[in-house]
Amino acid sequence: MGTEISFKRPDGGDAKGYLSNAARGNAPGVVVVQEWWGLQDQIKGMCDRFALAGFDALAPDLYKGVVVPYHDTAAANKEMSSLNFMDATEQIVRGAVQYLKRNGAKVGLTGFCMGGAVAIIGAARIPELGAAVAFYGIPPEQAVKPADVKIPLQR
């Protein structure tokens, strides 16, 4: 249902992701952040489900094409440990939010596991967001303080 796209980061660099559009134009948007496995079919399927529910959904590829096979926790941990969470949030995820917001749409952010931690960081650091939902991910304490979150956040 969706397609692979490129979009701009705030610093002008390029990022990639999976975009699934709602049937109607000018739909609200949701950025869907991957688990530690990478941008695999489960997350792409979530984008497709959001599109069927009336949202434009974009899952940015934080691992630049690397997808770890399920149950290879050592490889997943290696990828997640090498990720710069702050840069990924402030550049790749924020770029995805800005891409969906380009037509003036409201945009939310959600993430699963590792992506849930990114969603919490994004709730404090991405000014274009309207709301965020984190599923079972918690960022390091030094990454974000509760007082920094100014948007609705569900965890």
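I take buried to mean under 20% relative accessible area, exposed over 50%, and partly exposed in between (1.4 Å probe, protein chains only). This is a predicted model, where local features need pLDDT of at least 70, side-chain atom pairs count only at pLDDT 80 or more, and totals for chains, interfaces and linings use all residues. Residues are numbered from 1 along each chain as its sequence is written, and side-chain values use heavy atoms, with hydrogens and water left out.

**Entry 1: helix α3**

I took my helices (H or I, at least four residues) and strands (E, at least two) from DSSP runs, numbered from the N terminus. In α3 I listed the buried residues, among them Phe85, Ile92, Val93 and Leu100. Where is α3 kinked? I found the kink, of about 30°, centred on Arg94 in this helix of residues 85-101. The bend at a residue is the angle between axes fitted to the seven residues ending there and the seven starting there. At the N-terminal end, Asn84 caps α3, with a side-chain oxygen 3.2 Å from the backbone nitrogen of Met86.

**Entry 2: the sheet**

Next I followed the strands, which pair if DSSP finds at least two bridges between them. I read the order β1-β2-β4-β3-β5-β6-β7 in an open sheet of seven strands with mixed pairing. β1 and β7 (153-154) are at the edges with a single partner strand each, so one side of each has no neighbour in the sheet.

Then I looked at β4 (residues 56-60), which pairs with β2 in the antiparallel sense over four bridges. On the β3 side, three bridges join β3 to β4, and these two run parallel. I noted that Ala57 in β4 has Ser20 opposite and also Val30 opposite. Which residues cover the two faces of β4? Asp56, Leu58 and Pro60 are on one side, Ala57 and Ala59 on the other, and all are buried.

**Entry 3: the core**

I looked up the largest nonpolar core and found 38 residues, with Val31, Leu62, Val93 and Leu109 having the most contacts inside it. Such a core is a set of buried Ala, Val, Leu, Ile, Met, Phe, Trp, Tyr and Cys residues joined through side-chain atoms within 4.5 Å. A second, separate core of ten residues includes Tyr18 and Met46.

**Entry 4: Arg9**

Is Arg9 buried or exposed? I found Arg9 in the loop between β1 and β2, and it counts as buried at 14% relative accessibility. Leaving aside neighbours within four places in sequence, Arg9 is in contact (heavy atoms within 4.5 Å) with residues including Asp14, Asp87 and Gln91.

Conventions:
Polar contact = N/O pair within 3.5 Å; in protein donor to acceptor, adjacent residues only side chain to side chain.
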